[in-house]
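Please take me through this protein by asking, at each step, what lies behind the words used for it.

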Amino acid sequence: MRLIDADAVEQKLVEKYVHLKDCSDAIDVVREMVQAMPTIGTDENWTPCAERLPENEKNVLLSCRTDRGRDYTCRGHYVEKYTKEIGCADDLEADYDDETDRNYCPEGFYENIENWGDYSFVYINDTVLAWQPLPEPYNPDHIVNVNKEIVEPWTGEKKGEDE
């Protein structure tokens, strides 16, 4: 597969062929075809935090920016105020609720830390710009070769072939 700039292709077609009589229908057909093609690398899946926050404690992919302007992504989640109780306030600056006499994680975004089977999370002090749902995990049963045939992982054999 080749990546192309669909807008540039469309512009070149218009520039080159717009002067030809009876060509406008063809250009419209090509425009529709180009618009129907899949896109790669768009920001369509990102939701700006200013627009909407993710569901409480749902794991998502976060796009963050440091004070020095470095952008990065990480897995994390958002915690609403007084929703995630913590047993001990020593490890984290906790929000104390007088009504319930309990300590809670401060409202905000947290980066998920997964290491050798251990799971924890840390508060993100950087600016969280946007978020998106996590992609589905890799599924080796859906490997597709260039001929659009599903093949077995590791062997390269086509699924359903007689042995």
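**Strands, sheets and a buried loop residue**

Strand 1 (residues 47–48) pairs in the antiparallel sense with strand 9 (residues 127–133) over two bridges. This is a predicted model, in which local features need pLDDT of at least 70 and side-chain atom pairs count only at pLDDT 80 or more, while totals for chains, interfaces and linings use all residues. Residues are numbered from 1 along each chain as its sequence is written, and side-chain values use heavy atoms, with hydrogens and water left out.

Q: What makes strand 1 and strand 9 a pair?
A: Two strands pair if DSSP finds at least two bridges between them, and strands 1 and 9 are joined over two bridges, so they count as paired. T47 has W131 of strand 9 as its bridge partner.

Q: How do you know that strand 2 and strand 9 pair?
A: Strand 2 (residues 60–65) and strand 9 share six bridges in the antiparallel sense, and therefore they meet the definition of a pair. The bridge partner of R65 in strand 9 is T127.

Q: Why are strand 4 and strand 5 called edge strands?
A: Three strands form an open sheet in the order 4-6-5, with antiparallel pairing. Strand 4 (85–86) and strand 5 (95–97) each pair on one side only, and they are the edge strands. Strand 5 pairs with strand 6 (residues 102–104) over three bridges in the antiparallel sense, and there D95 has Y104 as its bridge partner.

Q: What is counted when the protein is said to have helices and strands?
A: Helices (H or I, at least four residues) and strands (E, at least two) are DSSP runs, numbered from the N terminus. The protein has two helices and nine strands, and along the sequence they follow the pattern α-α-β-β-β-β-β-β-β-β-β.

Q: Why does I124 count as buried?
A: Buried means under 20% relative accessible area, exposed over 50%, and partly exposed in between, with a 1.4 Å probe and protein chains only; I124 has 7% relative accessibility, so it counts as buried. I124 lies in the loop between strand 8 (118–123) and strand 9. Across the protein, buried residues make up 21% of the 163 residues.

Q: Which residues does I124 touch, not counting residues up to four places away in sequence?
A: Contact means heavy atoms within 4.5 Å, and on that basis I124 touches L62, C64, Y72, C74, F109, Y110 and E111. I124 and Y110 are 14 residues apart in sequence, and their C-alpha atoms are 5.2 Å apart in space.
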